[in-house]
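Me: I'm new to this one and would like to talk it through with you. Could you show me the sequence and the structure before we start?

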Amino acid sequence: MDETRPAGSAERGRGASRTASGPGRILVTVYAIFAVAACSRSAVQISTEFDHARVAYLLSAFAAVVYVVATVALARPGAAWQRVAVAACATELVGVLAVGTASVVDSAAFPDQAVWSNYGSGYLLIPVILPVLGLTWLRRTGRRAGG
Amino acid sequence: MIDGLAAASIACALVAGVACLLQTWRDRAVGVGLLATAGVVEAVLLAQVIAAIVVVAGGSHADQPVNFVLYLVASVVALPVGVWWSLGDRSRWGSGVLGIACLAVAIIVVRLGQVWESTGG
């Protein structure tokens with residue numbers, strides 16, 4: 001047991017994700033909460049009342065997928081996952097700004113509070129803050145990896 | 001739903017969440033104290049699940065049954081997962097993770113009450 005422990009911990013150190021350590025660990029936590037919340041919410045909406053607001057529910061489902069990808073990519077080590085995380089956070093930022101604006105302009109198309117409508121005001125505006133924090137964090141960890 | 005248990009679990013989760021965030025601020029990793037606090041919150045949440053099963057078995061039902069079950073499951077799964085993820089980082093940020101998990105539990109229980117008795121919304 002004791003002989004294998006140092007090797008095991010060294011391996012863990014090498015394999016640890018830079019983006020999921022330190023403050024990044026909290027970021028992954030919040031992303032995971034949104035992933036679970038958005039997935040279950042859109043699953044319920046699409047399976048029970050899809051015809052009620054098709055566009056809004058499909059956008060919610062898309063948001064759910066983006067949150068899942070961002071959560072996994074931030075939690076995983078490696079440069080490839082880092083790039084996936086940047087892409088996911090950027091998609092999220094564009095999405096929340098586009099859907100947020102669309103929901104303000106045409107509120108009839110968004111009868112229910114979807115996760116990205118009104119810039120996520122139904123979710124304490126976390127949906128619009130989260131991608132900004134995510135991209136900032138990925139920039140910092142990416143720069144540290146380069147230098 | 002039993003309002004007393006819901007209020008108790010929200011209060012416990014909020015207290016535990018604030019305690020965790022306080023430890024984050026004080027630069028302390030997750031220790032026995034925070035784990036015990038999370039355990040107390042989880043015990044209250046499990047009591048609430050049992051109470052909900054008893055109430056539903058007694059003939060009452062939620063206004064949004066599917067959402068109610070999902071929130072009920074989420075309320076007891078969130079903390080164990082949160083503890084596991086927080087223990088992966090033995091620094092102040094682990095405490096922060098547990099704090100966020102506790103606050104999420106409080107929100108889940110608030111939503112649980114809303115989908116049990118939704119007043120038109």
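Me: How many residues does the contact take from chain B and from chain A?

Reply: The contact takes 11 residues from chain B and 13 residues from chain A, where contact means heavy atoms within 4.5 Å. Please keep in mind that this is a predicted model, in which local features need pLDDT of at least 70, side-chain atom pairs count only at pLDDT 80 or more, and totals for chains, interfaces and linings use all residues. Residues are numbered from 1 along each chain as its sequence is written, chains are lettered from A and ligands numbered from 1 in the order in which they are written, and side-chain values use heavy atoms, leaving out hydrogens and water.

Me: What area is buried between chain B and chain A?

Reply: About 1,100 Å², with carbon and sulfur atoms giving 77% of it. Buried area is the accessible area (1.4 Å probe) that two parts lose on being put together, summed over both. On the chain B side, B:W85, B:W93 and B:I100 lose the most area to chain A, together 50% of what that side buries.

Me: How many salt bridges are there between chain B and chain A?

Reply: The count is 0. A salt bridge would need a side-chain nitrogen of Lys or Arg within 4 Å of a carboxyl oxygen of Asp or Glu.

Me: Now to the helices in chain B. Why is α1(B) called roughly antiparallel to α4(B)?

Reply: The axes of helix α1 (residues 3-25) of chain B and helix α4 (residues 92-116) of chain B come within 8 Å and cross at roughly 160°. Angles over 145 degrees count as roughly antiparallel and those under 35 as roughly parallel, so α1(B) is roughly antiparallel to α4(B). Among the contact residues are B:A6, B:A13 and B:W25 of α1(B) and B:W93, B:L98 and B:V110 of α4(B).

Me: Why is α2(B) called roughly parallel to α4(B)?

Reply: Helix α2 (residues 32-57) of chain B and α4(B) pack at an angle of about 15°, with their axes 12 Å apart. That angle makes α2(B) roughly parallel to α4(B). In this contact, B:L34, B:L45, B:Q48, B:V55 and B:V56 in α2(B) meet B:S95, B:L98, B:V105, B:V109, B:L112 and B:W116 in α4(B). By class, the contact has 9 nonpolar, 2 polar and no charged residues.

Me: What makes α1(B) roughly antiparallel to α2(B)?

Reply: Their axes come within 9 Å and cross at roughly 160°, and that makes α1(B) roughly antiparallel to α2(B). The contact includes B:L5, B:C12 and B:A19 of α1(B) and B:V41, B:V44 and B:A51 of α2(B). By class, it has 14 nonpolar, 4 polar and no charged residues.

Key. Axes fitted to C-alpha atoms, helices over the stretch in contact; angles between N-to-C directions. Helix = DSSP H or I, 4+ residues; strand = E, 2+ residues; numbered from the N terminus. Parallel < 35°, antiparallel > 145°, perpendicular 65-115°, else oblique. Nonpolar A, V, L, I, M, F, W, Y, C, P; charged D, E, K, R; others polar.
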